[in-house]
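Subject: Structure handover

Hello,

Here is the structure I promised to pass on. Please open it next to this email and follow along.

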Amino acid sequence: SLIVASFQGLSIFFDYLLGGVHSRLPAWVLTQPINQSLLAILARLHRSAGVETGLPLGVYYFICAAPIFALTGWRLLRSRDDVLGLAISIQAALLLYPSTSKHYCVLAMIPLLALSQRARATDFQVILVSAAIALYATLSAGPAFWANLGLWGILIAVDVRKNGNGPLLRG
């Protein structure tokens, strides 16, 4: 968002945030159960609540996506493990891409394989890998967004445990 704002200008950024593409699409595009993105989850919650808050959906999306961006960026800057960094990025993309479908769950195999490859025989990591496998199993069954969010959180936890805070920049 900051990169787009710096290159395209603040007016385009605020147009997306306050008016956005989602306001120009029919409601059914975002509220279909097959769409498992953060934006779709928020659209379904916003629509089912039936309450007009006066705030555009883009504002809610920005508020909810900011911690995902921040934590992902923090781990990418601090991690010494490029494969775990890629895995965290893939999971973050599955959460944030506005058209994430249930069918995209196959992409979560890459982070799952990265996680299982790094598991040692410690109880903590065995539990996390088991939880990740259970979450992956639920991806195609229904609540793919929540399974992707859980797997993303597990990847962040493993990276913090494995790498600590690490150096600010690798070099």
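On the α6 side, the residues are Leu-84, Ala-87, Ile-88, Gln-91, Ala-92, Leu-94 and Leu-95. They meet Phe-145, Asn-148, Leu-149, Leu-151, Trp-152, Leu-155, Ile-156, Val-158, Asp-159 and Lys-162 in α9. By class, this contact of α6 with α9 has 13 nonpolar, two polar and two charged residues. Keep in mind that this is a predicted model.

Now the geometry. Two packed helices are described by the angle between their axes and the distance between the axes. Helix α6 covers residues 82-96, and helix α9 covers residues 144-163. They pack at an angle of about 155°, and their axes are 9 Å apart. Angles over 145 degrees count as roughly antiparallel, so α6 and α9 are roughly antiparallel to each other. Their crossing is left-handed.

Helix α9 has another partner, α5. Here the angle is about 30°, and the axes are 11 Å apart. That makes α5 roughly parallel to α9. The crossing of α5 and α9 is left-handed. From α5, the residues in contact are Pro-67, Ile-68, Leu-71, Thr-72, Trp-74 and Arg-75. In α9 they meet Trp-152, Ile-156, Asp-159, Val-160 and Asn-163. The contact of α5 with α9 divides into seven nonpolar, two polar and two charged residues.

Next, the charged pairs. How many salt bridges does the structure hold? There are two salt bridges.

One joins the side chains of Asp-159 and Arg-75, at 2.6 Å from N to O. Asp-159 sits in helix α9 and Arg-75 in helix α5 (residues 57-78).

Lys-162 is partly exposed, with a relative accessible area of 33%. Asp-81 has a relative accessible area of 7%. Buried means under 20%, so Asp-81 is buried.

Find it in the α6 contact, then in the α5 contact, then in its salt bridge with Arg-75.

Best wishes

Terms used: Residues are numbered from 1 along each chain as its sequence is written. This is a predicted model: local features need pLDDT of at least 70, side-chain atom pairs count only at pLDDT 80 or more; totals for chains, interfaces and linings use all residues. Side-chain values use heavy atoms; hydrogens and water are left out. Axes are lines fitted to C-alpha atoms, for helices over the stretch in contact, and angles run from 0 to 180 degrees between N-to-C directions. Helices (H or I, at least four residues) and strands (E, at least two) are DSSP runs, numbered from the N terminus. Angles under 35 degrees count as roughly parallel, over 145 as roughly antiparallel, 65 to 115 as roughly perpendicular and the rest as oblique. A crossing is left-handed if the near helix is turned anticlockwise from the far one by less than a right angle, and right-handed if clockwise. Contact means heavy atoms within 4.5 Å. Ala, Val, Leu, Ile, Met, Phe, Trp, Tyr, Cys and Pro count as nonpolar, Asp, Glu, Lys and Arg as charged, and the others, Gly among them, as polar. A salt bridge is a side-chain nitrogen of Lys or Arg within 4 Å of a carboxyl oxygen of Asp or Glu. Buried means under 20% relative accessible area, exposed over 50%, partly exposed in between (1.4 Å probe, protein chains only).
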